[in-house]
Amino acid sequence: MDRFDRIFQLHKIFAARRTGLALENLTARLECSKSTLLRDLAVLRDQLHAPIRFDGEAGGYRYDRSNEHLYELPGLWFSSEELQALLILRRLLGDRDGGVLQDHLAPLTRRLDELTRHRRLNLGESATRIRLPALAARPTGPAFQIAAGATLQRRKLWMEYHARGDNRISDRTVSPQRITWYRENWYLDVWDEDRGALRSFSVDRITRPRVLDERATDVPETELDAHYASSYGIFGGVADNLAVLRFTAERARWVADERWHPQQESSFLSDGRYELRIPYRHAHELVMDILRYGPDVEVVAPEELRREVADRLQRASLLYET
């Protein structure tokens, strides 16, 4: 009997009785140790909010029946955040593009499969009822295993990198700091030994990676957070610009509930429009997000960002002129 079955059995016992049961009786009925039973009672009481009380006069543990409504176990034991995390993890472990996660984490994958199929959790239809579409996802690529290994083993990594922006191939010796999952793709955050700076590389563009014997240079967590968290999107660096965006009143109903940046500032204008102020360093990703809203947003400042967005919109409109 696993934990889920024991908890359901405990609930069934308590729901059917008005008198208490001693620990010895409960352990015998559930065929488990005293320590295991105490942990299960704690889960039932603290996580599932069952009204368990110890009543010496009544003989032991029982449900508090002072409430007129009899307690029932919740139909789903996971919060929405826990369920989403479970399903995302299961999908990542099933990524067959590179075979890496599935090959090396197969035992965990099997355990997650067992968990999602457990008859008590009602997750049997999760694969069809909960959708996690991978938009604009790229194959993990064969370099993932080596890059992740170097990151966890704290070893320097030599690699070739084929940049998408300028189509150039360069040799890099780096000290991996973190593997980052961002917008359906993997990125390697590193200390670039040749350039003496923090950089991020798309893992699928890494070729010929080789783990070196030399220990990686460790960058303090505070410095990593300051570099990668203050700017906008995946591009690191301390933010030195502030974008001021104004959304139409109609679009404001959506954007006001969105979080574009941890340090964003926002306010509603008197005419119903929504003003959003976002710190950034590199404009590329921010421009792409602004363009998604087309005529529903205006870049107020800075002027160079306003010109770049206007130029892209004008060039796009030329494609549709007849």
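A: Happy to! Contact here means heavy atoms within 4.5 Å, and helices (H or I, at least four residues) and strands (E, at least two) are DSSP runs numbered from the N terminus. This is a predicted model, in which local features need pLDDT of at least 70 and side-chain atom pairs count only at pLDDT 80 or more, while totals for chains, interfaces and linings use all residues. Residues are numbered from 1 along each chain as its sequence is written, and side-chain values use heavy atoms, with hydrogens and water left out.

For context, the protein holds 12 helices and 11 strands. Of its 322 residues, 39% count as buried, that is, under 20% relative accessible area with a 1.4 Å probe, protein chains only.

Now the pair itself. The axes of helix H1 (residues 3-15) and helix H2 (residues 23-30) come within 11 Å and cross at roughly 125°; axes are lines fitted to C-alpha atoms over the stretch in contact, and angles run from 0 to 180 degrees between N-to-C directions. H1 and H2 are therefore oblique to each other, since angles under 35 degrees count as roughly parallel, over 145 as roughly antiparallel, 65 to 115 as roughly perpendicular and the rest as oblique. On the H1 side, Arg6, Gln9, Leu10, Ile13 and Phe14 meet Leu26, Arg29 and Leu30 of H2.

Elsewhere, helix H9 (residues 221-229) has Leu224, His227 and Tyr228 buried. Strand E4 (169-182), strand E5 (185-192) and strand E6 (197-202) are among what covers the buried residues of H9.

Definitions and conventions: Buried means under 20% relative accessible area, exposed over 50%, partly exposed in between (1.4 Å probe, protein chains only).
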